[in-house]
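Colleague: I am new to reading structures. Could you take me through the main features, one at a time?

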Amino acid sequence: MMFIPHSDAERDEMLASIGIKSMDDLFEAIPKKYRFPKINLHEGMTEIEASAQLKEIAEADLSVEDVSCFMGAGAYHHYIPAAIDNLISRGEFYTAYTPYQPEISQGTLQGIFEYQSLIARLTGMEAANASHYDGATACAEAGILAYHQYRGKRKKILVSPGLHPHYAAVMRTYLENFEGVHVEIPEFKSLDSVTPQNLADLIDEDTAMVMVQYPDFFGQLFDYSEFAETVHSKGALFCMSVNPIALGLLKTPGAMGADIVVGEGQPLGIPLSLGGPYLGLFAAKKDLIRKVSGRIVGETVDNRGQKAYVLTLTAREQHIRREKATSNICSNQGLNALTAAIYLSLLGKEGLQDVARLCYDKAHYAAEIINKIPGFQVINSTPFFHEFVVACPEPVSEINEHLLHHGILGGFDLSRMIPSLQNVMLIAVTELNSKESIDDLCRILSGEDNDEES
Amino acid sequence: MMKNREEKTIFEISSEGRKGFRFPKSDVQSAEIPDELLRENLPMPELSEIDVVRHYTHLSSLNYSVDAGFYPLGSCTMKYNPKICEKAARFSGFSQLHPLQPVETVQGALLILYEMQEMLQEISGFRACSLTPAAGAHGEFSGVKMIAAYHQQRKNSHRKTMLIPDSAHGTNPASSVMCGFRVQPVNTNERGNIDLSSLAAFCNDELAGIMITNPNTLGLFDENLVEAIDMVHQAGGLVYGDGANMNALMGIAKPAELGFDVMHFNLHKTFATPHGGGGPGAGAVCCTERLRDYLPGPIAGVIEPASDEMPPLYGWKTPERSIGQIGSFWGHFDVIVKAYIYCLMLGRDGLKRVAEFATLNANYLMHALKADYPLPYDRICMHEFVLDVKWPDAPDIRALDVAKRLMDYDFHPPTNYFPLIVHEALMIEPTETESKQTLDQFIDAMRKIAKEAHEQPDLLHDAPVNTPFGRMDEVKAAKDLKIAE
Amino acid sequence: MNIIPGFYYSKNDEWVEVKGNKATVGITDYAQNSLSDIVFVEISVSEGDPVEASDLLGTVESVKAASDVYTPVAGIVAATNEAVIDNPELINTDPFGKAWLIQVENENGIDTSGLMNAEEYKTYCEGRG
């Protein structure tokens, strides 16, 4: 029987030792009327059959490995070094549970401690937790932290329109049941208006937290140092949602004065996988750490004098605090946090600078030549990282359909999330886009392929 | 003298100038970056590939895992994780899909999501399903929020009380509070069932609903379940099912038929996807017809029906009154693929056998251990059971000591100190994937430990000694609070 | 278990020592014992804050549990104990002395109605096993 090792003889022996006659006798507590319902499913398959079927299904999908990918908008196609999959495929890592027994879980615990350290260093913060589900839920948990920090007395969570629209939506879903809390997101008017200056005017004494994205959803980069001072002068917390690859190059949120840093950790070696599972980064100043939800690993010693690691600050968590806990979070993204730690360890100081630099340079090369194509215009007027916004002469969906015929997965159609942005594409460029592939994109955008099918 | 098993951190083994990975030289010109946007330094480690591989391989050797041995962690369903699931989830047609790709280019993935939704509905009897929740607690949050939205829609916002049995998981009260509810505990009676008179006291027009784990965290099928559900429905409340213990019910009973309105599934428990040292899991939420409009979206659906020549076109649909989006994208697709293959391989009969053998294994262990360990609720259990480590003739021994000593016998300890209503609880869930031989070895170890507890209690107090590390100074960790280096 | 005669006690295991219009508040020996090693103390009110009886005054955390502490009496916060924040273990070693948490002043006198005396508190604790 599939994955059940018992022989019939063993089953009977076990039943006899319990003192019952049949398997059905195990379920007498269930009212007869509801017992053993008909389940209308197919019969089981062997591994050979299931594997063949899955292969066939997978072939119906278009893998980004088989095209040239310019799509980003919160999920990015980066190279994943081979050593990563090899290491995280070790059963010792992926078939373990949350490290409740530190004596036999130091692998997971030290891995998470190193992950926390790497994220703290990368973001310029003092502390990080062992991860949330993804970038969006990390933003929402930051909002909840701010609510508790002011004991519910400050009611406004101010969110930049430059935050990923999905993240903003998730913040609303999470926070709307907290008494009186209001997630304020100024309406998107134009790219020019998505600036720290415009957001600063909306901070008031009722604001618990201000949330910006860096680089923002449209790729824009700002130095938020002065802005952070404004936020603090009103007594609010300042939270930045970051792209960790960009921090290989760019000024850290810590240096700008952020109190909390969240972000999507997927670019750190985690496959795209249609959107999940990803990794919610969460770092903070040390004095906020007791308000940070989720697992945290700390250093200690064991009774043999060895340096070791344990889950710490667990007294704040849901299984002890129950209805007084600040969050219901129970799991972390352990294996993905480990992936990110291995990615950062492998790339190291130079590799991380290199990949950030490659993304930056290639994106700027692409923007420069796309901007020269008649009918296309790059709208970004401020510095950007590896994503930028292009006004197009036709609906993006039509352009993308055309690009796809040429093996190119075009940029994201912004009208899908922001309806006022018709014919506007968000293009992402990473180290995996060669100059040749960027030139191809431009050639096709400029209509130099008329001899082929349209 | 024992071997020191400390492993230096990646920062300690870092050596200036080393590289573990090289990127190709840039094929475009370098672009200008304003100085004020550059970071000052990048304090990342510098290691070669072999440094990194050895470091993490060493770390892995310090972990216990399902692949290495028996992991009877109650309520966690640490069953075997089939290898084919890992392999297939890594197919490029699954792992390398951008979440925002046009739906026409991800029809295979959407088919999997759609069929997984259908399978979960068939197993549970529910009418609708969303796969977007990232974990059990996330599914629970979604389900409870759906109950809040349902009452709001009916202008019943005064329904603020969420009832939670005292045996429940800690996530239940925490999720309820996040959704704006007031938590009211309900007592468990001496047979381990919901106390109906305690319940009756709260069945009034402030009642929003009840959260029930069934089988409950004592491992028992609640004999008052149907009546309790009826009482809550009569009072205008809805019933949330915590599906953490679904491994005992597949093919045995359908939660929707029992009267549950909404429930989450832990794909990483019931459907054999790995736990990954804490995650990622996946926490599908399923519901009846009357709650379907509130499900978190988007959900995989048919947007163009099949025709004679063409298969159906799958796409994303967001329910009309959805509680909204709950994550960056559409859920933990990679985990769902693994659960899907598992369901394909087990099929109708296999899934029922899972519940049967999980229950058989638990009863076999319980029966064998009850002579040596106090068993507070002595009746046929489902997939798990709870012992209470309180021996009058060994008063210094606590559940924790037994748990720690088990590690010296190469077993992972059961869940301890949960549920809270059993003071010295050891909660044991063997799962169906363990053989009789493994269970017999475990019984043997537990009997030896019971004997040691009475004759050489220090063996337990000092345990574990055969593990890479000994007991930890948790006070130091919390006081010094060194959480990064 | 130590209980100081002459102090007042709440059901949430806070003690109050009243001297004139001033009250000193802390947590009891029973409370510290059930929490075990205290690792963190947070006092969330500041000097000058008005407080009502049963307002949250802070949190005491051990490795086992985090427990909210409430002021059993109303008034204006006259002082908070910085020493206990720096040395949380004081709560374990001297709960009724050096580990006081806040002082409250009330010009209309300290209202201790609803609180237990030492005898009553002793019975209350014994009842909890």
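Modeller: On a 1 Å grid over the protein atoms alone, a cavity is a set of points where a 1.4 Å probe fits but cannot get out. A pocket is an open set, with protein on both sides within 12 Å along at least five of seven lines. Lining residues have an atom within 4 Å of a point. Grid points are joined across faces, edges and corners, and a volume is the space filled by probe spheres set on the points.

Modeller: Two notes on the source. This is a predicted model, where local features need pLDDT of at least 70, side-chain atom pairs count only at pLDDT 80 or more, and totals for chains, interfaces and linings use all residues. Residues are numbered from 1 along each chain as its sequence is written, chains are lettered from A and ligands numbered from 1 in the order in which they are written, and side-chain values use heavy atoms, with hydrogens and water left out.

Colleague: How many cavities of 30 Å³ or more are there?

Modeller: The general idea comes first. Rolling a probe the size of a water molecule over the atoms shows where empty space is left. Here the rule gives 13 cavities of 30 Å³ or more. The largest cavity has a volume of about 160 Å³. Its lining has 18 residues, with Y76(A), Q213(A), P215(A), V242(A) and N243(A) nearest the centre.

Colleague: And what is the volume of the second largest pocket?

Modeller: About 1200 Å³. It is lined by 38 residues, and H148(A), R151(A), R321(A), K324(A) and T326(A) are the closest to its centre. Sort the lining by class: Ala, Val, Leu, Ile, Met, Phe, Trp, Tyr, Cys and Pro are nonpolar, Asp, Glu, Lys and Arg are charged, and the others, Gly among them, are polar. That gives 14 nonpolar, seven polar and 17 charged residues.

Colleague: Now the interfaces. How many residues do chain A and chain B bring to their contact?

Modeller: Contact means heavy atoms within 4.5 Å. Chain A brings 192 residues and chain B brings 194. Next comes buried area, the accessible area (1.4 Å probe) that two parts lose on being put together, summed over both. For chain A and chain B that is about 16900 Å², with 64% from carbon and sulfur atoms. On the chain A side, F3(A), E103(A) and L274(A) lose the most area to chain B, together 5% of what that side buries.

Colleague: What about chain A and chain C: how much area do they bury?

Modeller: About 830 Å², of which 42% is on carbon and sulfur atoms. The contact takes 10 residues from chain A and 14 from chain C. In chain A, R151(A), R290(A) and R321(A) lose the most area to chain C, together 55% of what that side buries.

Colleague: How many salt bridges does the whole structure have?

Modeller: Side chains of opposite charge can pair when their charged atoms come close. The rule asks for a side-chain nitrogen of Lys or Arg within 4 Å of a carboxyl oxygen of Asp or Glu. Over all chains there are 55 salt bridges. Nine lie between chain A and chain B. One of the pairs is E299(A) with K482(B), at 3.0 Å between the closest N and O atoms. Between chain A and chain C the rule finds three. R290(A) pairs with E61(C) in a salt bridge, 3.2 Å from N to O.
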